[in-house]
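Biologist: Can you walk me through this one? I'd like to start with the sheets and then move on to the helices.

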Amino acid sequence: MDGEADGSVAVPGSGSDDPSRRRRVHGMLKLYYGMNEEGKAEERPESLDPCDINGPHFDPEVFLNKLRRECSLAELMDQETCMVKQIRSLDSDMQTLVYENYNKFISATDTIRKMKNDFKKMEDEMDCLSANMAAITEFSARISGTLQDQHTQITKLSGVHTLLRKLQFLFELPARLNKCLELQAYAQAVRSHRRARCVLQQYSHLPSFKGIQDDCHAIMDKLAQELRQKFRDGGSSAKDLSECVELLLQLDEPAEELCDKFLSHARSRLESDLQGLEAEIRPYPSASAMKDASAQRASTPAAGSPTDNSPKMSATPSPTSNTDILEFIDRGCNEFVSSLCLVITSYQELFINHAPKGELASKNIPQMANGKLNAFVDDLAARYFSLVERRIQEEKGVADNSLLVRALDRFHRRLQAVTKLLPGSAVPNKGTEIVIRAATERVKQYLSALQSFYMDSLTDVRQALATPRLSVASASVGGGGAHLGGPTSGRDAPTSLPELLSSLSAAILNQIKSVLASVHLFTAKDITFSNKPYFKGEFCSQGVRENLVVSFIKFVCQSSRQFCESAGDKGGSTPPALLLLLSRLCLDYETSTISYILTLTDEQFLVQHHNPVTPVTTLCAEAREAAQKLLNHYVKVQGLIISQMLRKSVETRDWVNTIEPRNVRAVMKRVVEDTTSIDVQVGLLYEEGVRKAHSSDSSKRTFSVYSSSRQQARYAASYTPSAPMDTNLLSNIHKLFSERIDIFSSVEFNKVSVMTGIIKISLKTFLECVRLRTFGRYGLQQIQVDCHYLQMYLWRFVSDENLVHFLLDEIVGSSAHRCLDPAPMEQSVIEVICERG
Amino acid sequence: MEDDAPVIYGLEFQARALTAQTAETDAIRFLVGTQSLKFDNQIHIIDFDDENNIINKNVLLHQAGEIWHIGASPADKAVLTTCYNKTSDSRVVSCAAVWRMPSDWETGSHESPDDSAHNPQTLELLCHLDDSAHSNAACVLWEPMGDGKRVISLADNHALLWDLQESSTQATVSSTATLEGKGQLKFTSGKWSPHHNCSQLATANDTAIRGWDLRTMSQIYCIENAHGQLVRDLDFNPNRQYYLASCGDDCKVKFWDVRNVQEPVKTLEEHSHWVWSVRYNHSHDQLVLTASSDSRLILSNMVSISSEPFGHLVDDEELSEGEDNHQEEKGKEPLKDSVVSTYEEHEDSVYTAEWSSADPWLFASLSYDGRLVINRVPRALKYRILL
């Protein structure tokens, strides 16, 4: 304790001393007084050292001996001075401390003495206070004793007073209720009655109370009657109505009945809405009115809100004209859906959320009420949906898809409110189904519109082909701006096939693009139903890709194929140029357009192929097949036209009695002309193709010499019936080494192949016709001339000129064989005649 | 089962006319008429020895002219008709006549074929089927399965029904039918129906097929535009009375039910050029033979429109005899219409093809270069039809 006091005193004393020094001094003092700092000093090993001058076990003898033994004199001297110095400083420190402590002690003694005096005074005052308090207590006890009686009386009186007030309330109740009834303050009346009801019930055995109760009952019945009346009238607002219901519920009306009434009342109002809607559908508009409306709509495609549209619609002259679908849906949403929501809200408020609070309400009221509500909503919604669907079905024109999409969007969006109100309801799902149906229907309409557009375009192309110079109608259709419903007529007149082809394919492509853009609206981000799984997945892959794009491509291929079949056997109904054009179109589709369109679709609609979709290759194969078929048919038709000319020319002539040939027959020139023009036509759309190398003098090949030599061999041979086959040996050997020619065979997609096909057909016909006739000398010579002429001009069109040579050889050979007097013309004469023209 | 190789026979002349010897039901025998403007035309009698695969031929001279059509009497083996072109005064006239083969042609040929070849016998003319009013016969049709007393000749736009009397030496026109219409109408081909008591005739002119009732000589049906182009040939299904096959220049073979002439029952498009001849097999009408100027002969198996669409009907007795057989029958999948085989032995246009009257599995075809090819129905198919 001393040490502590020491320290604390020493601090103020040594004032300005630096803390380290003070600490050291303090520490040394502690040592001196045997204070071990937190017991550590004892454990210190060095402290056991008897030579440690500061340690507790210091032994001066040992220390001295040690010093004397270890140190030199000089060191001893130093040690001594140092020690003396230390001793001195320690002494002075001790003196300072003693002095300071003494002063403190003196002042503390003074303070204690002073405190002793003050306490004495206080004790006296406290005694006085306690005496006073005792007096007061005594008084108070005496007063309360006197007042006890009066107090109980007052309590009793106040109890009687309240009872009387209650009784008064009860007696006044009938009058009050009547008054409330008069003032139509039903809520107050019900509140009052509720307050009295239990009491009256409890004391109903007393005649007076019984009377009051009866009166009240009568009045309340009347009131309930009136409320019911009001409820039934239905003229009141929804708020009034709900108040009514609330009151009736409080009057213990059966909730179920009320639900029914409420709903039936709501139903009547909603049905009037529905009838209003139905009235808008019922007048089926005349076509002209529809057209007017659509024209107007098309003129203001940006009409955004229904308010924008409504003046327009009212401006339409015909009273029967239909409101457009957006307006219709708007009306449906605003009138029907919103009142339906209102009904649902108030109903839920009344019967479902509030009911359990009523103490008399049975537990299952919410369930019952919910069930009724669901049935009610389902029923009405079903009717609404059927109306909406009817209206959507009327939406046949594909002019402006955005209107329909917006209408559907609004329709769908407003139904979300019902979802929120009635979480378990099937209504929104049904609404989505309607949207899906409408979308599918729309896709179907687009497909048919595309198809009719395609057919219309073909008709135009046909017209353009039929009147090549004067053509006004062209298939050139303005790009995105043009709507379906028929291609517009362009002023320019593209007469050449490539232009027609490019304008046709561009028009179709544009149309597809614009349709895709229109359909794309269904999946736009801001449309509420676009994030439904159907619109994300199936609509894109099945609806758009398969049912629209793929179907259209298939339709194109199929209709092309139909040209080959229905155009029939006569081949006259379809102009050959159209066949050629379509064939090229299909081929272009195969090479590029199909994959382009599908890529475009996939990109636009981010089609995720959950279901297997028609691969591009299948479509390409189909297109190629169609192209092939068309081209084959083209060859057949053109071949037939030339064949007919040749056949007629052979069949109608008397070849036995003909004059010596002086000219090439006109029909041959015609054949060459036609072939040339076909060549030009095909060349416009198809590449040249490969042909075998020509011999240098193809046109001059003297095939007649060869065949006539053959003829001579044939006829020079003596008739030897015993040796069959040798007369035809040469011809047969020739045939053995030449390849069999398929006349109506498939052609390749190039000009040379097409021309080869046509010429093959023509010459084979020529051959067969020649074989059916009998020739005189000049008949044969005429054939020789004709064949030479054909030889001169036809070789250039075909892939393998030997083919022409072979067939012409056969013709001349056959006619020589069918000749009564086979005397072939001199080759030089033939050449002269042919060169003369 | 290896099929026998086709047997080829070459004529020295070009030829279009071929027929089976209808009245001969034992030997396989075909008649071929040649076309030559220079030399005497011939009728080759081709006997086929089925067992040894050998052809025996006999030649008869037909000096009247080149033969365009030939028909064998169904009653008398030795009687036949030809349509031929006669050239006189630089005019070509088409005629028709009934001929009788010399009675000893057969014996002569067997003993010394070389002799007969060098000194061919001549056909004996029975009568001409022409009168002054009607010429240009396109073909002559014997009454099917008749007694060889009635023939029809198609000449220009007339169909003439002849009665042959006095052992066919006299022919009188009993009735005629005339095709009326715009332009120069001309019958190209015809067929006498074996059904309805042989009272019906079908003819082809241009693209139309017409049916005629021979009792009244009036038209009973008409298939306009039966083919896109010329109709070349017709044949009646021997077992289904309303079924008719036709072929033409549109490379198609069409099968018709004459009760409904709007649409063909079936169409084949196997040939790559005009089809000149179509023939039903006499016994198994699902087998149809077509010949075309693409030098091919095609045998088709038209099960679906045949009289045995479900294959050979098994009798109850047979059923009771062997259950296994029945099981096997059931296991067979029904045959589908298909091309059985394409025969490419010809080098030139094949204008006619005929089934043998003796062996229902054998047929001959004749190409313009004078090559006659005898082929058989593939064995596999034959057994499939029979078993």
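**Sheets, strands and helices**

Modeller: Chain B has an open sheet of four strands, in the order β23-β24-β25-β26, with antiparallel pairing. Strands here are DSSP runs of E with at least two residues, helices are runs of H or I with at least four, and both are numbered from the N terminus. Two strands pair if DSSP finds at least two bridges between them.

Biologist: Which strands stand at the edges?
Modeller: β23 (275-280) and β26 (338-343) of chain B, each with a single partner strand, so one side of each has no neighbour in the sheet. From one strand to the next, the twist averages 20°.

Biologist: Before I go on, what am I looking at, and how is it labelled?
Modeller: This is a predicted model, where local features need pLDDT of at least 70 and side-chain atom pairs count only at pLDDT 80 or more, while totals for chains, interfaces and linings use all residues. Residues are numbered from 1 along each chain as its sequence is written, chains are lettered from A and ligands numbered from 1 in the order in which they are written, and side-chain values use heavy atoms, leaving out hydrogens and water.

Biologist: Ok, back to the sheet. How many bridges join β25 to β26 in chain B?
Modeller: Five, with β25 (residues 297-301) running antiparallel to β26(B). B:L297 sits opposite B:Y343 of β26(B).

Biologist: What about β11 to β14 in chain B?
Modeller: Those four strands form an open sheet in the order β11-β12-β13-β14, paired antiparallel. β11 (137-142) and β14 (170-178) of chain B are at the edges with a single partner strand each, so one side of each is left without a neighbour in the sheet. The twist there averages 25° from one strand to the next. Eight bridges join β13 (residues 158-165) of chain B to β14(B), and B:A159 stands opposite B:A177 in β14(B).

Biologist: Zooming out, how many helices and strands does chain B have?
Modeller: Five helices and 29 strands. Of its 387 residues, 57% count as buried, meaning under 20% relative accessible area; exposed is over 50% and partly exposed is in between, with a 1.4 Å probe and protein chains only.

Biologist: Is β21 of chain B enclosed or open, and why?
Modeller: Five of the five residues of β21 (residues 253-257) of chain B are buried, so the strand is largely enclosed by the rest of the structure. Both faces are covered, with B:V253, B:F255 and B:D257 buried on one side and B:K254 and B:W256 buried on the other.

Biologist: Which strands does β21(B) bridge to?
Modeller: Five bridges join β20 (residues 243-248) of chain B to β21(B), antiparallel, and B:C247 has B:V253 as its bridge partner. β20(B) and β21(B) make a hairpin with four residues between them, and B:C251 in the turn has a positive phi of about 70°. β21(B) also has three bridges to β22 (residues 266-268) of chain B, again antiparallel, where B:F255 stands opposite B:K266.

Biologist: Where are B:D206 and B:M217?
Modeller: B:D206 is in the loop between β16 (200-205) and β17 (208-213) of chain B. B:D206 has a positive phi of about 50° although it is not a glycine, and at 44% relative accessibility it counts as partly exposed. B:M217 is in the loop between β17 and β18 (218-223) of chain B. B:M217 has a positive phi of about 55°, and it is not a glycine either; B:M217 is buried, with a relative accessible area of 13%.

Biologist: Now chain A. How do α23 and α24 pack?
Modeller: α23 (residues 751-771) and α24 (residues 777-794) of chain A pack at an angle of about 175°, with axes 13 Å apart. Axes are lines fitted to C-alpha atoms, for helices over the stretch in contact, and angles run from 0 to 180 degrees between N-to-C directions. α23(A) and α24(A) are therefore roughly antiparallel, a label for angles over 145 degrees; under 35 is roughly parallel, 65 to 115 roughly perpendicular and the rest oblique.

Biologist: Which residues meet there?
Modeller: A:I759, A:L763, A:F766 and A:V770 in α23(A) meet A:I783, A:C787, A:L790 and A:L794 in α24(A), contact being heavy atoms within 4.5 Å.
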